[in-house]
Amino acid sequence: MHLIVVGTGIVGTCCGAWLQRDGHRITFVSADAPGEACSFGNAGSLSPSACLPVGMPGMWKQVPHWLLRADGPLAIRPAYLPALLPWLWRFVRHSSRDEVVRIATAMRGLLAPIFEAYEPLLERAQAQRWVRRTGCLYVYSGADAAQRWAWGMALRRSLGVEMRDVGQDELEALEPDLKGRFRFGILAPENGSTLDPSQLVKALHAQCETDGAVTLRATVQDFENRGERITAVVTADGRRIDCDGVVVAGGAWSARLARRLGARVPLESQRGYHVTVQSNNLSLRHTVMAPEYNLMVNPMAMGLRLAGTVEFAGLAPPPNPARAAVLLDKGREMFPHLDTRRHTHWMGHRPCLPDSLPVIGPAPGPANAWLAFGHGHVGMCGGATTGREIAHLVAGRPPQVDLRPFRADRF
Ligand SMILES: Cc1cc2nc3c(=O)[nH]c(=O)nc-3n(C[C@H](O)[C@H](O)[C@H](O)COP(=O)(O)OP(=O)(O)OC[C@H]3O[C@@H](n4cnc5c(N)ncnc54)[C@H](O)[C@@H]3O)c2cc1C
């Protein structure tokens, strides 16, 4: 079949790569170059442990406090609040204990096979150098502080995530740069990360092209159909491209196209920021997650990346550099000896549904359209498994992951 994949982020690229393995002819149509939208500047963690939703029980009680602080982990642009309220209401409803257990169980199914799903693609593209499995350290000022997150950690463990408590001496031996601020840690030894998410996507995409895929830089505007089948996509500049089927993997911009395919999804951008310190003088070996600072730290090929924060402001407004400055301040607090003289900052749109689950599956309308978007904070983690599962669906094979929680018509 000739399949059009909309989007060349990590999700679209992995869908294309897995579909090619079944012998399909792939045309990517993407408004951005490969690995240049949200997949460009994320924290790069590849974490089978990252199965918890963003909305945790009782979290909403902290929201007013967070919003009042300039350095809080959450910001909402006031003008955007009225449009956001229905989404926030759904988000709160999905953060009950029962919901969190349901969501985490579904996500664990998607994330447990991260490396198994990436491996064939990495091998084919000779891109193994962009991925390492050095583990992630969750770090806390003390064992008491870690208690605030204990319920979530216990849930992870109950779902089979390997997590090991690490006392102060071992923590300092594992990561001498953490000395002083952190006295307790939890090691997730199965976790990995990428040294550069954008380069990883580019390498996988380049291999797709070597294997015959074609890429068009254009914005998909609409679809043409005959009866129940999509026969072509139409681009904003008027081009029409025939196809035998389409996969929408347009990240945070997918809602309009999904609607054209019969799915009404409450997709929202959780804008996140990074600061990458090029003058990195630390010698971190693990990715480090510091929940008290709401900060993820990853030593990457181009420097030390500090990433986090959630900002609700929609897709249009430009980035707010003050949000990135908060990350830099937190990085300096965590690592007082960090040399931050040379750094860059960036903002990306995380594609988020209110239940923190992506949409992966057939479009409700046409018989030859599939949806793969909404991976929120874990698109790098879930990209390869999503691609593999989409390939199963297109081929009519049974999925390897329970995809029912990811249905497009669940809203
Ligand atoms: C600060 C930050 C830190 C993060 N850290 C992590 C992390 O550590 N681990 C992790 O797993 N995830 C992380 N994420 C989330 C991750 O980056 C995203 O989930 C992931 O990049 C989404 O990939 P995607 O392919 O769906 O979307 P994108 O990478 O945004 O790609 C979307 C593609 O669709 C194209 N497109 C959209 N609409 C159209 C259209 N109509 N026509 C043509 N093309 C279209 C775009 O041009 C683009 O190519 C983080 C995100 C942020 C912001």
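Me: How many bridges join strand S17 to S18, and do they run parallel or antiparallel?
Reply: In this predicted model, strand S17 covers residues 295-300. S17 and S18 form a hairpin with two residues between them, and Val-297 stands opposite Leu-306 in S18. The strands S17 and S18 run antiparallel, and the number of bridges joining them is six.

Me: Which residue stands opposite Leu-306 of S18 on the side of S15?
Reply: Strand S15 is joined to S18 by six bridges, and the two run antiparallel. Within S18, Leu-306 stands opposite Val-275.

Me: Which residue of S18 is the bridge partner of Ala-75?
Reply: Strand S4, residues 74-76, is joined to S18 by three bridges, and these strands run parallel. In S18, the bridge partner of Ala-75 is Glu-311.

Me: How many of the ten residues of strand S18 are buried?
Reply: Strand S18 spans residues 303-312 and is mostly covered. A residue counts as buried if 20 or more other C-beta atoms lie within 10 Å of its own. Of the ten residues of S18, the number that are buried is eight.

Me: What is the strand order of the open sheet of three strands?
Reply: Strands S3 (45-46) and S5 (131-132) are the edge strands, each pairing on one side only. S5 is joined by two bridges to strand S9, residues 192-194, and Val-131 stands opposite Thr-194 in S9. The pairing in this sheet is antiparallel, and the order is S3-S9-S5.

Me: Which residues touch the most other members of the largest nonpolar core?
Reply: In soluble globular proteins, nonpolar side chains tend to be buried together. Here the largest nonpolar core holds 82 residues. Not counting residues up to four places away in sequence, Ala-372 touches Val-11, Cys-15, Val-247, Val-248, Ala-249, Ile-360, Thr-386 and Ile-390. The core members that touch the most others are Val-246, Val-247, Val-248 and Ala-372.

Me: How many residues are in the other core, which lies apart from the largest one?
Reply: Among the residues of this other core are Val-166, Leu-171, Phe-182 and Ile-186. The number of residues in this core is 37.

Me: Which residues come nearest to the ligand?
Reply: Helix H1 (10-21), strand S2 (25-30), strand S15 (268-277), strand S19 (343-352) and helix H12 (379-395) each supply at least two residues of the shell. The shell residues divide into 21 nonpolar, 19 polar and two charged. Of the 42 residues around the ligand, those that come nearest are Gly-7, Gly-9, Gly-251, Gly-272 and Gly-379.

Technical notes. Residues numbered from 1 in each chain as written. Predicted model: local features only at pLDDT ≥ 70, side-chain atom pairs only at ≥ 80, totals over all residues. Core = buried A, V, L, I, M, F, W, Y, C linked by C-beta atoms within 7 Å. Buried ≥ 20, exposed ≤ 12 C-beta atoms within 10 Å, placed from the backbone. Contact = placed C-beta atoms within 7 Å. Near = placed C-beta within 6 Å. Helix = DSSP H or I, 4+ residues; strand = E, 2+ residues; numbered from the N terminus. Nonpolar A, V, L, I, M, F, W, Y, C, P; charged D, E, K, R; others polar. Pairing = 2+ DSSP bridges.
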